[in-house]
Amino acid sequence: MAVRPPESRVWWNEPVATGELVWIGIAFLWGLFMFFMMIYWHLEGKQNLSAEVYRVKPDRYVKKVEAFVEQYRIGDEGDTGYPLVAPPPGSDVYLLARLWEFWPVLQLEKGQSYRLHLSSADWQHGFSLQPVNLNIQVHPGLEHIVTITPTESGVFSVVCNEFCGAGHHQMTGRIRVVEPGQGR
Amino acid sequence: MSDTGTSEKIPFMQRVLDNPFLLLFLGVTVPATLYLVWGLVELTQIPVAE
Amino acid sequence: MATAAGEIGVIGGIAAKFRTCPVTALKIDLAAERLIKANAVAAVVFLAIGGVLGLLVALTRWPAVHLLDSDTFYMVLTAHGLNVLLFWIIFFEMAILYFASAVLLNCRLAAPQFAWIAFVLMVAGALLTDFTVLQGDSSVMFTSYVPLRASPNFYLGLILFAVGALIGCMVFFGTLVVAREERTYEGSVPLVTFGAIAAAVIAVFTIASGAIILIPTWLWSLGYIGHIDTLMYKLVWWGMGHSSQQINVSAHVAVWYAIAAILLGAKPLSEKVSRTAFLFYILFLQLASAHHLLVEPGLSSEWKVFNTSYALYLAVLGSLIHGMTVPGAIEAAQRRNGYVHGMFEWLRRAPWGNPAFSGMFLSLVMFGFIGGISGVVLGTEQLNIMMHNTLYVPGHFHGTVVAGTTLAFMALTYLVLPLIFRREVMWPGLAKWQPWLFGIGAGGISLFMLGAGTLGVARRHWDITFADAILSFDYPATAFLMLGLNGIFAILATVGGALYVAITVASVLFGRPVHERNALHALGPLPQRVVESGSSAQVGRHGSEGFGHLPGTYTLVAVFFVAFALYYFVNWKYLSELWPLS
Ligand code: HEM
Ligand SMILES: [Cu+2]
Ligand SMILES: [Cu+2]
């Protein structure tokens, strides 16, 4: 019984039933498979998180985002007060997470790749792109650069999914994706 | 209980499993090295933005 | 109160009072018994508090009800995580450690006075943190990620609690030494004690990580330290936060083995295999702390892949082994008891009327199918991109720690009441249904939160309609449905949990005392042997001897494996449709 000491003094050499051995074999191979699946996806898959990260002072990052907005601003996002920014395909795009907003509103072209910079001015936030359901953690002091390629056009939302205090549930952002060559 | 094989030598792996303090040592050092130390070293190597 | 005659034993020159357990004939150190009782009672109190808070959270997340205002919601959610995840579970685990060492090894508890100091520290710490959270200015969630800042006493309470738990672990290890020195058992420790050793080893790593990070954070909250790196905090914090879940896994697997042994006489199929599986836990389970850092900037993919996979999934291998050897040991025992017909007579005729058994088996099934499968998927580096910080995460861990650990501990309680408290379980008719109510409720909230998370719904979020947001957004209607169903099953789970608390408290206070005469009866329904006792000659030294062929268990694990593989590949398919990211 499992609540009593083993009956034999030497239990290590007791035979193991075949059924048990077979299952251990299958489980071990399945584990190896799942391990190599992650590596395979790094080589062949298209969805891998970039490892390009820099340490940056939060106020320095805010300045970079402001300069970026100034350079590519094409107008306002309705009457929300948010600048609408349309950077050229392939360029560096900046998004600022801060209490409690993602700033500015971005306009990207479908099928084009962008180097999206993510960082926070204050606390940790969660970049959760919906309804795509793509989630990346955002830290103050770390500038994370991910290359992202929208595959569909429409209006997408960014929801903060890291608890960031009293206004956490008001913290949203927006990314507009337009057909190539339109909207600039 | 130890009726048979009283003289049989206890196999190495059984002795390992019978030694809680060895297990304690391994159970602390293995994750401390592979998870904590390795991870912390990576954090110190993040380059600074220009 | 103590009806059985106390026996004064002098072992190794130290006097301890013992009684003899009428069921197991084990000698029970009365000091250990008192500590087990104290820790179990504290555990149940914190479960009661935390469970009510859980219901309030679920009712607020049910959009049609939306019970609490946002500030209260975040405060209650912080308190819910702390009270159930830390206080309920760890108090109960202390009781298990004392049981698996002193009681199962037939030994006195080393240094009971230190165990009492541990208990007092833990109670004081838990209360301090709870009161601090209730002040309302420490709603930082139980993870307290910097730079969110709680009042200093929030951290201080957790530190006191952790120091207490560490002392408890030391008493456990000390008792192992005493038992060996005083030769209170022969050969190796029982498998259940071995599982408790795995839990205690992981606990030491857990608490050490906690100390490394919480002490500086406490000093930071007091203003003595200027800055704490956010990523460093998270890395070390999860060394505590996730490893503490691995204490639970080790402990509840040990509990599964214990219940199967006590009720059915089940023996491990192979000591070697089951202990090696626990060794994999000891070595690799803690690495999975990386599960929480998979979409974090600043850690390499090498580090992520290696750690999130628990070193090539060796700790998952450990769980897959237990997932077969626990039902396998039950099947072998039941076949020995004479239930040999067909594939599943052993399971059909198992003592389902005994809440200890039904709770244990439901815990085993739901931990594997819900918590286990979702955990491996969630912990796959790239798949995590679709799930991080969504409700998928609480969905997963309500499958592990509620439907798995909590239900297993509830099941064990139905044996602790007669064996340790020496009280019959009150209202056996209701007790029979309790694991089902709680199990189905817990399974439901897990599944519906997994569902909502798959649709992208954020965790720890007060308002999924975004009524106050400038840039509006709507989750799909199905997400609202999921959260409504979550609320309904939360009510079910709460009813089951309240029943558990009521039965436990009533039994402790008013239950009929257990004597030698009614001791076996007090364990609840047991399987009837349908074979002549003569044929027990077949009983081998290890569980699989003579019963190596276990068709029912093979079928169960085959079904499990197919479900696992299918769900795993479906998620890769989803991922491949996501916006390319590099
Ligand atoms: C009546 C039973 C319970 C119900 C109805 C319940 C419900 C919930 C709900 C709805 C959430 C919120 C998810 C979110 O908004 O992010 C939650 C969070 C959580 N629950 Fe439970 N729960 C119950 C029992 C438990 C138990 C027994 C445990 C642990 C043993 C537990 C551990 C947690 C933890 C750790 C969190 C996360 C808190 C956080 O995000 O900071 N729950 N629970
Ligand atoms: Cu935020
Ligand atoms: Cu937030």
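Student: How many residues of chain C are in contact with chain A, and what makes them count as in contact?

Tutor: In this predicted model, 107 residues of chain C are in contact with 83 residues of chain A. Contact requires heavy atoms within 4.5 Å, so each of these residues meets that cut-off.

Student: What area is buried between the two chains, and which residues of chain C lose the most?

Tutor: About 8500 Å² is buried between chain C and chain A, and carbon and sulfur atoms give 67% of that area. On the side of chain C, Leu471(C), Trp579(C) and Leu581(C) lose the most area to chain A, together 12% of what that side buries.

Student: Why is the pair Lys267(C) and Glu7(A) called a salt bridge?

Tutor: The side chains of Lys267(C) and Glu7(A) meet at 2.8 Å, N to O. The cut-off is 4 Å between a side-chain nitrogen of Lys or Arg and a carboxyl oxygen of Asp or Glu, so the pair qualifies. Across the interface of chain C and chain A, the rule finds three salt bridges.

Student: How many polar contacts are there, and which element of chain C gives the largest share of the side that touches chain A?

Tutor: Between chain C and chain A, 38 residue pairs are in polar contact, counting pairs with both residues at pLDDT 80 or more. Helix 17 (residues 551–576) of chain C gives the largest share of the side that touches chain A, 10 residues. By class, that side of chain C has 61 nonpolar, 29 polar and 17 charged residues.

Student: How do you know that the span of helix 14 of chain C agrees with its number of residues?

Tutor: Helix 14 (residues 428–454) of chain C has 27 residues and, at 1.5 Å a residue, should span 39 Å. The end C-alpha atoms of helix 14 are 40 Å apart, so the two values agree.

Student: Where does helix 14 of chain C bend, and what follows the helix?

Tutor: Helix 14 of chain C bends by about 30 degrees at Gln434(C), with a proline, Pro435(C), following within four residues. After helix 14 of chain C comes Gly456(C), with a positive phi near 100 degrees.

Terms used: Residues numbered from 1 in each chain as written. Chains lettered and ligands numbered in written order. Predicted model: local features only at pLDDT ≥ 70, side-chain atom pairs only at ≥ 80, totals over all residues. Heavy atoms only, no water. Buried area = accessible area lost by both parts, 1.4 Å probe. Polar contact = N/O pair within 3.5 Å; in protein donor to acceptor, adjacent residues only side chain to side chain. Helix = DSSP H or I, 4+ residues; strand = E, 2+ residues; numbered from the N terminus. Nonpolar A, V, L, I, M, F, W, Y, C, P; charged D, E, K, R; others polar. Expected span 1.5 Å × (residues − 1). Bend = angle between axes of the 7 residues up to and from the residue.
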